[in-house]
Amino acid sequence: MHLRLALTHEAWPLTAGALLAIVMPTLQAQEVAGLPSVVITGNRPERGLPRQRTFESDSARLLADQPGVNVYEAGGVSSLPVMRGLADDRIRVQVDGMDLMASCPNHMNSPLSYIDASQVGQIRVYAGITPVSAGGDSIAGTIQMDSVAPHFAAEGEAPISSGRIASHARSNGQAWGTNLRGDWASSTLALSAGTAYTRSKNYRAGADFKPAGPAAQGQAWLDGNEVGSTAFQARNDDASLALHTEAHLIQLQLGRQHIPFELYPNQRMDMTGNDSTQVNLRYSGQYDWGELKARAYQQQVRHRMDMGENRATYGTGMPMDTRSLTQGGSVSADIDLNPTQTMRLGAEGQGYWLYDWWAPVGIGMMAPNTFWNIDYGTRNRIGVYGEWENRWSADGTLLLGLRHDRVTANAGPVQGYNATSIWADDAAAFNARDRQRSNPHWDLSALATWKASSNLALEGGLARKTRSPNLYELYPWSTQPMATLMNNFVGDGNGYIGNPDLRPEVAHTLSLSADWHDAPQQVWSLKLTGYTTQVSDYIDAVRCASPMCGGAANVQTRNGFVNLSYLNQSARLQGFDLSARRQLGQSTDWGSFSLNALTSYVDGVNTTTGDHLYHQMPLNLKLALTESLAAWTHTAEYRAVAAKTAVSQVRNELPTPGYALLSLRSSFERQQLRLDLTLDNVFNRAYDLPLGGAYAGQGASMSTTSLPWGITVPGRGRSIDVALSYRL
């Protein structure tokens with residue numbers, strides 16, 4: 001085996017005078033004026049639902065309380081976001097300004113897994129009408145997750161230093177973790193270093209959802225309520241050096257991830273290793289005319305999959321390997337035309353190289369050659385944009401933007417495990433065709449905001465957005481069921497075949513919002529957003545009819561796993577998000593009380609076939625009652641989710657019943673010390689995750705008929721969580 005591009009993953013040493021801990025305090029959701037975004041910072045929440053962050057091993061879950069955003073289950077640190085019914089690569093995800101991608105046929109190493117929750121300092125969520133300066137190559141919206149920004153000592157003062165140390169434990173799954181951070185800064189130089197480690201065993205559901213017994217032949221026993229393949233272990237390290245003058249900032253960030261294992265209950269394989277190194281250099285400067293920003297970054301990933309401890313091992317195992325390299329850069333300028341108008345101009349570029357190969361296994365059908373799933377896959381993007389913001393009065397803003405991107409993709413010739421027709425016919429057909437693709441994108445956005453009165457703000461917008469297919473939608477080539485089952489990043493248990501002829505998705509979105517509140521905006525508020533999105537060339541799935549896939553039986557199956565291929569069709573998504581808050585009162589004896597509420601609904605339909613779209617969250621509601629008294633904060637959170645009956649029939653997606661959960665949280669904070677206590681799922685309710693996918697976490701997983709069909713991934717049962725942090 002050889003690689004045309006040499007990728008190295010030498011572990012760079014994390015050095016610092018002291019490593020001291022960080023734990024994320026309760027985060028605040030607040031809106032950015034004039035843009036449909038949510039910013040989460042390290043303060044107490046004033047909008048949105050309060051939720052403790054100290055227990056999170058998965059950064060994607062920091063988004064769970066934002067209107068229109070859900071996450072769906074993957075590994076313990078790698079959940080994937082869903083934004084108003086559009087998921088995964090349909091969302092632009094940036095980590096510290098880097099556009100990262102999953103380098104895995106199952107998307108196990110999702111972009112947000114490359115930053116630990118304890119390292120997060122700020123999150124911006126642009127849902128629906130995304131400004132072109134924040135969009136590009138996406139149709140849902142944009143998530144920007146940034147590390148804690150560097151802090152400097154005041155001019156003329158002595159250097160400052162700080163640190164934090166924290167640890168947490170969760171009873172369900174016997175999970176625990178720790179994180180440390182140390183910072184030192186003068187008025188011109190800031191140094192920071194941190195590390196975060198977390199691990200867990202399998203978690204347990206609220207009741208038995210399957211028979212008890214060995215996880216697989218020769219494997220350990222699993223109780224009926226133990227959710228197989230949910231254990232994980234992960235470590236993320238980071239270091240930063242920043243130089244600052246009165247008007248300029250240069251920052252170098254280094255990141256390293258090491259995941260020895262992360263098991264997946266809704267996939268047919270597990271991650272048996274993921275190592276990543278990231279280098280990120282950025283500049284920002286203030287000038288008389290405005291602000292200039294520039295960034296250059298690189299990420300290298302070495303990813304491995306095989307059968308974990310709850311699956312049949314197939315003798316010598318089933319090794320599958322991936323290497324990738326991502327390099328990118330951007331430059332942008334915010335030009336102040338006059339006191340009320342700003343022009344934003346920018347250019348971005350990114351190169352991505354991917355190798356995905358499967359070593360031969362023993363003798364017979366899966367030997368003697370290396371199977372190349374994608375060999376020398378490339379996906380490159382270059383884009384430019386212009387955006388004009390006009391604050392035409394104290395009560396109104398208009399934002400207009402135009403963006404053009406070009407996305408090119410290609411892949412080299414492939415081979416199967418051997419020269420028999422099982423592998424050779426598909427490989428020959430793939431190698432004989434033209435595989436290079438070049439797609440132009442044109443994106444537009446228009447957003448207007450208006451303060452109608454002291455109690456009402458209105459917002460409306462239109463957008464056209466474009467996304468080109470990813471490499472795993474284009475190039476997986478084999479119709480052999482074992483190979484198709486390995487190419488599945490949606491967790492439905494089915495097999496997928498790529499389609500090099502896929503066209504880019506184009507979405508047109510209309511969004512309208514009304515925000516009612518008291519004049520000071522301190523006592524109560526209610527915000528309602530309605531939206532509709534029409535998607536042409538939506539990339540959905542159709543049944544594979546070739547004899548290798550199962551022929552007519554595969555097409556007609558209604559109660560089993562199936563083999564699918566990607567195809568451009570059309571879709572419509574429409575729904576609403578409603579959020580509200582109310583200060584209920586305050587007294588000397590009982591402290592202050594507040595009530596927060598959040599509800600959302602989306603209906604996604606394939607308008608070509610009439611089928612429902614996959615990964616659609618049913619109607620759901622969250623209520624949080626919070627009491628704050630001296631150093632204590634107590635929260636009772638109630639969550640209700642309606643039954644999911646609108647399912648994707650082409651995938652044989654399973655409906656899920658409705659459920660309601662109660663969780664209790666308390667925190668104590670005094671000076672440098674903070675203690676968090678949570679009783680999650682108080683009544684140990686059994687429930688199925690509407691976005692969790694098919695349960696494939698144990699047994700023999702390499703064929704469509706070797707696993708029982710009809711079980712969804714259950715949610716976590718009762719858990720007692722404890723976290724303790726100390727600031728220095």
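Residues are numbered from 1 along each chain as its sequence is written, and side-chain values use heavy atoms, with hydrogens and water left out. Because the model is predicted, local features need pLDDT of at least 70 and side-chain atom pairs count only at pLDDT 80 or more, while totals for chains, interfaces and linings use all residues.

Helices (H or I, at least four residues) and strands (E, at least two) are DSSP runs, numbered from the N terminus. Two strands are taken to pair if DSSP finds at least two bridges between them. Strands of a sheet pair through backbone hydrogen bonds, either parallel or antiparallel.

An open sheet is formed by three strands in the order S3-S4-S5, with antiparallel pairing. Strand S3 (69-72) and strand S5 (86-87) stand at the edges and have a single partner strand each, so one side of each is left without a neighbour in the sheet. Four bridges join S3 to strand S4 (residues 80-83), and Val-69 lies opposite Met-83 in S4. S4 and S5 are joined by two bridges, with Val-82 opposite Ala-87 in S5. These two strands, S4 and S5, form a hairpin with two residues between them, and Arg-84 in the turn has a positive phi of about 50°. S4 is covered on both faces: Leu-80 and Val-82 on one side, and Pro-81 and Met-83 on the other, are all buried. Buried here means under 20% relative accessible area, exposed means over 50%, and partly exposed lies in between (1.4 Å probe, protein chains only).

A nonpolar core is a set of buried Ala, Val, Leu, Ile, Met, Phe, Trp, Tyr and Cys residues joined through side-chain atoms within 4.5 Å. The largest such core has 53 residues, of which Met-318, Met-320, Trp-358, Tyr-475, Met-482 and Met-486 touch the most other members. Elements that each supply at least two residues of this core include strand S20 (341-358), strand S21 (371-393), helix H1 (421-432) and strand S28 (563-587). S20 gives the most, with five residues.

One disulfide (a pair of cysteine sulfur atoms within 2.5 Å) is counted. The disulfide joins Cys-544 and Cys-549, whose sulfur atoms are 2.1 Å apart. The link is right-handed, with 75° about the S-S bond. Both cysteines are buried, Cys-544 at 7% relative accessibility and Cys-549 at 4%.

Strand S15 (232-244), strand S16 (248-262) and strand S17 (270-287) each supply at least two residues of the patch. Val-279, in S17, is partly exposed, with a relative accessible area of 40%.
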